[in-house]
Amino acid sequence: MICPSCQSDDLLSLNTYKRSWFLCHACGDAFPQQKDRYSLTFLSDPHLKKMKEDEASMYDYFIHQDHIDYSIGTAGDFLRQHAEPNRIAFYGKRVLDISGGNGHFLMEIAKLGAEVTLTEINQPTIDYAKATHGIDVHLFNFNSHSIQAEVPKIFDIVMARAAVMFCQDLAKFAQDTREILADDGLVIVNHSVIPTLGVMLRVQLDEFSYFRLRQPESVIRTFAKAGYVLQSRADETDPSLYVYDHDLNRYWTLARYLHEQPAMRRLVSAERSGKACYAFRARDRRRSTMIFRKLPNA
């Protein structure tokens, strides 16, 4: 087995409840392998069993009111933390929000004078966004579609918010996006999550979850090879209780305890042997926002 990011075979495997993770000592990226059977299915909690949701239906909650409120709030955070400091003007710009959920985030951008388009993988969310906002919405799956085929238009700004972790082939996506991006156009990769033990344990009960966790340097290298230049980068630790809220459920806490200590022992052993382990041991969720500008064709 080799790392899909850098083709190194210097990998460390960590066992979590529904998947095994493989962490690359060479580049710091991580990828999972789903399990066929789970060990605690005799307990009553349904999350410990095989669930019926699929890659798309797991996002049915996008149209619930609490997530609608969340989407509107994150739009304000994004504008304050990233758009305003980088002097990104949306007025008159053609903006594509990839895997943009219920569209409420994007409508805050539309209020600034942008012409907006949305993609999403979840059909109920697509139907909701079309009916509620009356905007152009397309079905798009990172791993089975090409963005230029599904959305054959030209944009000034393409946003991929909390999304690239679900993209298995980031190099292809970066290259494909050039086909729909105007000269000097921007790609905003927002909240790209890096691999930490905290994140891997937080998602271990999900039937479908992150396909890739990447170091920001890995994302930057990928976009540079595709013909972009980095304009800004901002790293943060998620201030929410995302990785801790499972501690409120005794069954989920049990699953964490059963996998956390063996994983920590493997990570400490790797560190003591001189292997690069990045922030693999962290229990928090760390993420980066990177803004890339498309370079002219050579």
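Me: Which residue in E10 is the bridge partner of aspartate 235?
Reply: This is a predicted model. Strand E9 covers residues 228–237, and E9 pairs with strand E10, residues 286–294, in the antiparallel sense over 9 bridges. In E10, the bridge partner of aspartate 235 is serine 288.

Me: Which strands stand at the edges of the sheet?
Reply: The sheet is open and has 7 strands in the order E6-E5-E4-E7-E8-E10-E9, with mixed pairing. An edge strand here has a single partner strand, so one side of it is left without a neighbour in the sheet. The strands at the edges are E6 (136–139) and E9 (228–237).

Me: What is the average twist from one strand to the next?
Reply: The 7 strands form an open sheet with mixed pairing. From one strand to the next, the twist averages 15°.

Me: At what angle to E8 does helix H1 run?
Reply: Helix H1 spans residues 65–83 and lies across strands E7, E8, E9 and E10. Strand E8 covers residues 181–193. The helix runs to E8 at about 115°.

Me: Is histidine 191 buried or exposed?
Reply: Histidine 191 is in strand E8 and has a positive phi of about 60° although it is not a glycine. Most residues other than glycine have a negative phi. The relative accessible area of histidine 191 is 19%, and the cut-off for buried is under 20%. Therefore histidine 191 counts as buried.

Me: What is the phi of aspartate 184?
Reply: Aspartate 184 is also placed in strand E8, and at 46% relative accessibility it counts as partly exposed. Although aspartate 184 is not a glycine, its phi is positive, at about 65°.

Notes
Residues numbered from 1 in each chain as written. Predicted model: local features only at pLDDT ≥ 70, side-chain atom pairs only at ≥ 80, totals over all residues. Heavy atoms only, no water. Pairing = 2+ DSSP bridges. Helix = DSSP H or I, 4+ residues; strand = E, 2+ residues; numbered from the N terminus. Axes fitted to C-alpha atoms, helices over the stretch in contact; angles between N-to-C directions. Contact = heavy atoms within 4.5 Å. Buried < 20%, exposed > 50% of the residue type's maximum accessible area, 1.4 Å probe, protein only.
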